[in-house]
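Topics follow in groups, beginning with a single strand residue.

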Amino acid sequence: MIQLVYISKAKPNLNKSDIDAILKEAIPFNKQHEITGTLMLNSGIFMQLLEGDPLSIDFLLEKKIKKSTKHQHITVLFKRETNKRIFSEWNMSFLQLDEFDLKIINKIMAWNTQSLTKKEINPDEILNLLEGFKHKAKDKA
Ligand SMILES: Cc1cc2nc3c(=O)[nH]c(=O)nc-3n(C[C@H](O)[C@H](O)[C@H](O)COP(=O)(O)O)c2cc1C
């Protein structure tokens, strides 16, 4: 099983019904393919954790997520093997955060503009951040 985290930039006029549409399609698809995770939105930036079988995650990312017009500049932060899910109870939880962990987001943005190298992104740091927000998760499937 793998865990993959990416960030992307939401389209400028993204609204509540766009989010509803994503989740309405994502939850049953993910359930069917045993994919779990969380999707966060803050200041027009999405961050999504996907957990599941490598082939299912690959299909989801390449054929669905990357093709969506609801966002752009999809950047995979890391992809790694694991035997334990963090969001095992959610086929896709959604978190609209008022305040993101600025330290982390700044780090990610800096990395994204190439001032940091890929290996300086610490997966544990990102996963700890996401896990810390788990209690706020909605849309339990
Ligand atoms: C940020 C984001 C996250 C998504 N996550 C999932 C997901 O977890 N599972 C899924 O089946 N589709 C996911 N999708 C794809 C949507 O369900 C849908 O296929 C896509 O948004 C349709 O393309 P459109 O937005 O251009 O109409 C996601 C899309 C976006 C923009």
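S93 sits in strand β5. Helices (H or I, at least four residues) and strands (E, at least two) are DSSP runs, numbered from the N terminus. S93 counts as buried because it has 24 C-beta neighbours inside 10 Å. The cut-offs are these: buried means 20 or more other C-beta atoms within 10 Å of a residue's own, exposed means 12 or fewer, and partly exposed lies in between, with C-beta atoms placed from the backbone. S93 and L39 are 54 residues apart in sequence, yet 6.1 Å apart in space, C-alpha to C-alpha.

This is a predicted model: local features need pLDDT of at least 70, side-chain atom pairs count only at pLDDT 80 or more, and totals for chains, interfaces and linings use all residues. Residues are numbered from 1 along each chain as its sequence is written.

**Overall fold**

- The protein chain has four helices and five strands.
- Along the sequence, their pattern is β-α-β-β-α-β-β-α-α.
- Of the 141 residues in the protein chain, 25% are buried.
- Among contacts between residues at least 6 apart in sequence, 81% join residues at least 24 apart. Two residues are in contact if their C-beta atoms, placed from the backbone, lie within 7 Å.

- Strand β2 covers residues 36-42, and five of its seven residues are buried, so the rest of the structure largely encloses it.
- Two strands pair if DSSP finds at least two bridges between them.
- With strand β5 (residues 93-96), β2 pairs in the parallel sense over four bridges. L39 has F94 in β5 as its bridge partner.
- With strand β3 (residues 45-52), β2 pairs in the antiparallel sense over seven bridges.
- Two bridge partners in β3 can be named: F46 for L41, and I45 for N42.
- β2 and β3 form a hairpin, with two residues between them. In the turn, S43 has a positive phi of about 50 degrees.

**Strand β3 and strand β1**

- Seven of the eight residues of β3 are buried, so β3 too is largely enclosed by the rest of the structure.
- Strand β1 (residues 2-10) pairs with β3 in the antiparallel sense over eight bridges.
- Opposite M47 in β3 stands I7.

**Helix α1**

- Helix α1 runs over residues 16-32. At 1.5 Å a residue, its 17 residues should span 24 Å, and its end C-alpha atoms are 25 Å apart, which agrees. The expected span is 1.5 Å times one less than the number of residues.
- A kink of about 25 degrees lies at A26, shortly before the proline P28. The bend at a residue is the angle between axes fitted to the seven residues ending there and the seven starting there.
- The buried residues of α1 are I22, A26 and N30. What covers these buried residues includes β2.

**Ligand shell**

- The ligand is surrounded by 16 residues, and the closest are E25, A26, F29, S68 and T69. The shell takes residues whose C-beta atom, placed from the backbone, lies within 6 Å of the molecule.
- The elements that give two or more residues to this shell are α1, β3 and α2 (54-65).
- The largest share, five residues, comes from α1.
- By class, the shell has eight nonpolar, five polar and three charged residues. Here Ala, Val, Leu, Ile, Met, Phe, Trp, Tyr, Cys and Pro count as nonpolar, Asp, Glu, Lys and Arg as charged, and the others, Gly among them, as polar.

- E34 has a positive phi of about 55 degrees although it is not a glycine. E34 is found in the loop between α1 and β2, just after α1.
- E34 counts as partly exposed, because it has 13 C-beta neighbours inside 10 Å.
- H73 has a phi near 55 degrees, again a positive value in a residue other than glycine. H73 belongs to strand β4 (residues 71-81).
- H73 is exposed, with 11 other C-beta atoms within 10 Å.
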